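Reader: I'd like to learn how to read helix packing and a metal site in a model. Could you walk me through one?

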Amino acid sequence: MENKKEMRKWLDDMNLGHPLVVAGPCSAETEEQVLKIAHELKDTDVSYYRAGIWKPRTRPGNFEGVGAIGLKWLQKVKEETGLKTATEVANRAHVDLALEHDVDLLWIGARSTVSPFIVQEIADALEGTDKIVLVKNPVNPDLSLWLGAVERLHSANIEKLGVIHRGFSTYEKTKYRNIPEWQLAIELQTRFPDLPIINDPSHITGKRDMIFDVSQTALDLNFDGLMIETHYDPDNAWSDAAQQVTPKKLVQIMKDLRIRKETDEEAEYKNSLSNLRAQIDVLDNQLIDLLGKRMKVSDGIGELKKQKNVAVLQSNRWNAILGNMILEGEQRGLSEEFILKMFKAIHQESINHQEKIINA
Ligand code: PEP
Ligand code: MN
């Protein structure tokens with residue numbers, strides 16, 4: 001697949017003048033719930049109304065979606081509010097039912113994108129459709145797998161394509177539900193600048209009070225739109241309660257977001273930008289230089305340990321370093337998460353150096 005200008009035609013043709021907004025509950029729960037939220041989202045920036053009909057739950061026993069009956073409720077949403085509709089499909093049966101009920105936008109969920117068999121099945125079922133199809137990133141941070149899924153749909157002659165960035169699973173506990181790994185989305189944008197990319201801050205954060213900041217970062221990175229889970233009674237939602245916002249809150253978020261246009265033409269902007277980038281380049285070189293020096297010192301310690309025949313890893317010393325660095329970092333506005341990650345990486349490199357010396 002190669003980047004083509006036509007990739008974004010479906011989005012440009014909508015002539016929105018603001019980012020594309022997909023909103024609605026994580027799950028369709030009852031007909032009243034689906035319609036009530038939809039009516040509250042009518043006459044806002046929302047163009048597509050989302051509701052999960054079949055829910056991919058991590059463990060069995062949780063609410064797994066209302067199933068096909070919910071598609072009738074989405075049809076009612078369209079009739080009563082004029083909003084277009086969107087839902088997740090995870091196999092051929094879902095696709096057939098969604099198409100029968102005239103769902104306008106179908107997306108492939110993160111747990112499906114990881115499976116080439118399932119993606120191919122969905123692509124075959126959708127062959128040649130004029131519906132919009134969006135691919136969520138796979139749960140693991142693998143750009144090829146993500147793009148591979150888009151390629152399968154592209155090869156099935158589906159033209160209205162795009163991707164949804166919803167973050168990645170980690171074993172480590174972080175402040176995110178799914179860490180954004182922005183660099184992956186940026187790389188995808190660099191390779192396919194015309195492939196529409198939507199951010200899903202709900203599944204990235206898992207918490208409603210972090211949604212604004214992640215949305216702002218996405219817009220600053222020139223994302224084309226946002227998918228935000230919305231419910232009139234978030235705390236009592238049947239799935240993803242902690243991350244849903246009320247329709248009123250969603251409208252406020254949309255109002256408060258700074259929407260940047262690309263302003264490359266403006267000389268002043270360009271000048272300041274290249275100036276700041278140059279500063280970053282200098283600092284990055286200094287960082288590399290310092291890290292090189294640090295490893296040299298570490299090599300010296302390796303020599304000593306070798307003579308004395310002591311272990312490379314000394315946990316007490318390491319914990320003391322970490323504790324200090326977290327405090328130092330805090331004073332400079334660096335998050336604990338970042339300091340931990342950075343020093344773990346530095347420490348690992350240091351261990352590798354010393355091991356090389358000791359085993360030489
Ligand atoms: C969802 O959008 O409700 C959902 C299940 O998302 P994901 O596939 O990103 O987990
Ligand atoms: Mn959800």
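Reader: Which residues of H6 and H7 make the contact?

Author: H6 supplies Pro116, Val119, Gln120, Ala123 and Leu126, and H7 supplies Ala149, Arg152 and Leu153 (contact means heavy atoms within 4.5 Å). They divide into six nonpolar, one polar and one charged; Ala, Val, Leu, Ile, Met, Phe, Trp, Tyr, Cys and Pro count as nonpolar, Asp, Glu, Lys and Arg as charged, and the others, Gly among them, as polar.

Reader: What should I keep in mind about the model and its numbering?

Author: This is a predicted model, where local features need pLDDT of at least 70 and side-chain atom pairs count only at pLDDT 80 or more, while totals for chains, interfaces and linings use all residues. Residues are numbered from 1 along each chain as written, chains are lettered from A and ligands numbered from 1 in written order, and side-chain values use heavy atoms, without hydrogens and water.

Reader: At what angle do H13 and H14 pack?

Author: Helix H13 (residues 315–331) and helix H14 (residues 336–358) pack at about 140°, with axes 9 Å apart. H13 and H14 are therefore oblique to each other. In H13, Trp318, Leu322, Met325, Ile326 and Gly329 meet Glu336, Ile339, Leu340, Phe343, Lys344 and His347 of H14. By class, that contact has seven nonpolar, two polar and two charged residues.

Reader: Which protein donors does the manganese ion (ligand 2) have?

Author: Donors are N, O and S atoms within 2.8 Å of the metal (3.2 Å for Na, K and Ca); water is not among the atoms, so sites may look incomplete. Here they are Cys26 (SG), His203 (NE2), Glu229 (OE) and Asp240 (OD), 2.1 to 2.4 Å from the ion. Their sequence spacing is C-x176-H-x25-E-x10-D. Cys26, in the loop between strand E1 (20–24) and H2, and His203, in helix H9 (residues 201–205), are 177 residues apart and link distant parts of the chain.

Reader: How is the protein chain divided into domains?

Author: An automatic or database domain assignment provides the bounds: domain 1 is 5–259 and domain 2 is 267–358. Their centres, taken over C-alpha atoms, are separated by 38 Å.

Methods
Helix = DSSP H or I, 4+ residues; strand = E, 2+ residues; numbered from the N terminus. Axes fitted to C-alpha atoms, helices over the stretch in contact; angles between N-to-C directions. Parallel < 35°, antiparallel > 145°, perpendicular 65-115°, else oblique.
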